[in-house]
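Open the model in your viewer and keep the sequence panel beside it. This tour goes from one selection to the next and says what is there.

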Amino acid sequence: MNKYENLVNELYPEIIVLEPQNLYQNTDWWGTFKIKDNQAYIFIEPQQSEADKYQILKEEFYHVLTAVNILLERPNMDYYERLSIRKQELIARHLAYKDIVTIDDLFDCWKNDLNTEWEIAEHLDITSEFLHNAVKYLKSVYPTRFTIHTTDGKYLVKVNNTFNFYRLSPDQSAAI
C-alpha cells in the first residue's frame, strides 16, 4: 500500500474518505471536507497522482481538526470573514507541511546523498512543488542554527537557502 492508501485506512472510521468522480470538474477543488451528524467526510478528486491525493488528504485532515465551519468563500462575505477563512486555510496547509516534510526526513535525505528537489520529493513520495513550498515554510519557522540528536550523533543544522547538516564532534557537542 502507498502513503495515501495507508492514511485512508488510518483515518477510518473517524473520517471517511470518498473519491467522487469529477470533483474538480464540478467544484474546482482537488479536495474538500464536510462534517455531517458528527461524522467527518473528506472528498478527494480521484483523477490525480497518489502523491497529490496524499498531500491533499493530509491538508483536508487538518481542516477537519482545526475548522470551526466550512471554509467556503461566498460573494456576500465581508473582509474579516474572508480573512478568517484564508487564515484557516494557511493553518491547515502549514500543519500538512510540518507533518509530511520533517527535519528527520530532510536529514535522512542528506545522509542518503539526495540533493536535488526532485530526488528528495521522489524519496518522500511527494511532488516537487509541495516539497518546495514545505521547505520555504519550514525555513520561516526554524531558527537559522539549531542542533539535532540522531542515533549516530549530534548535528548542527544551518538554515539558509536550504537545510545544511554538519556532524559535531564530541568536543563540539559539549560546547553547544
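Are helix 4 and helix 7 roughly parallel or roughly perpendicular to each other? Select helix 4 (residues 79–100) and helix 7 (128–141). They are roughly perpendicular, a word used for angles of 65 to 115 degrees, with under 35 degrees counting as roughly parallel, over 145 as roughly antiparallel and the rest as oblique. The angle of packing is about 100°, and the axes are 9 Å apart. Axes here are lines fitted to C-alpha atoms, for helices over the stretch in contact, and angles run from 0 to 180 degrees between N-to-C directions. Helices (H or I, at least four residues) and strands (E, at least two) are DSSP runs, numbered from the N terminus.

The model is predicted: local features need pLDDT of at least 70 and side-chain atom pairs count only at pLDDT 80 or more, while totals for chains, interfaces and linings use all residues. Residues are numbered from 1 along each chain as its sequence is written, and side-chain values use heavy atoms, with hydrogens and water left out.

Next, show the side chains where the two helices meet. From helix 4 come H94, A96, Y97, K98 and I100, and from helix 7 come F130, N133, A134, Y137 and L138. Seven residues of this contact are nonpolar, two polar and one charged. Contact means heavy atoms within 4.5 Å. Ala, Val, Leu, Ile, Met, Phe, Trp, Tyr, Cys and Pro count as nonpolar, Asp, Glu, Lys and Arg as charged, and the others, Gly among them, as polar.

Stay with helix 7 and turn to the second largest pocket. Helix 7 gives the largest share of its lining, five residues. The volume of this pocket is about 340 Å³. Closest to its centre, of the 18 residues in the lining, are L106, N115, I120, T162 and F163. Helix 5, helix 6, helix 7 and strand 6 (163–167) each give two or more residues to the lining. By class, the lining has nine nonpolar, six polar and three charged residues. A pocket is an open set of points on a 1 Å grid over the protein atoms alone, where a 1.4 Å probe fits, with protein on both sides within 12 Å along at least five of seven lines; lining residues have an atom within 4 Å of a point. Grid points are joined across faces, edges and corners, and the volume is the space filled by probe spheres set on the points.

Now select F163, in strand 6. F163 is buried, at 7% relative accessibility; buried means under 20% relative accessible area, exposed over 50% and partly exposed in between (1.4 Å probe, protein chains only). Leaving aside neighbours within four places in sequence, the contacts of F163 are I103, L106, V135, L138, K139, Y142, V157 and K158.

Finish with the backbone. Most residues other than glycine have a negative phi, and most peptide bonds are trans. Select D28, in the loop between helix 2 (23–27) and strand 2 (31–36). D28 has a positive phi of about 70° and is exposed, with a relative accessible area of 58%. D113 also has a positive phi, of about 55°. The last stop is the peptide bond from Y12 to P13, which is cis, with omega near 10°.
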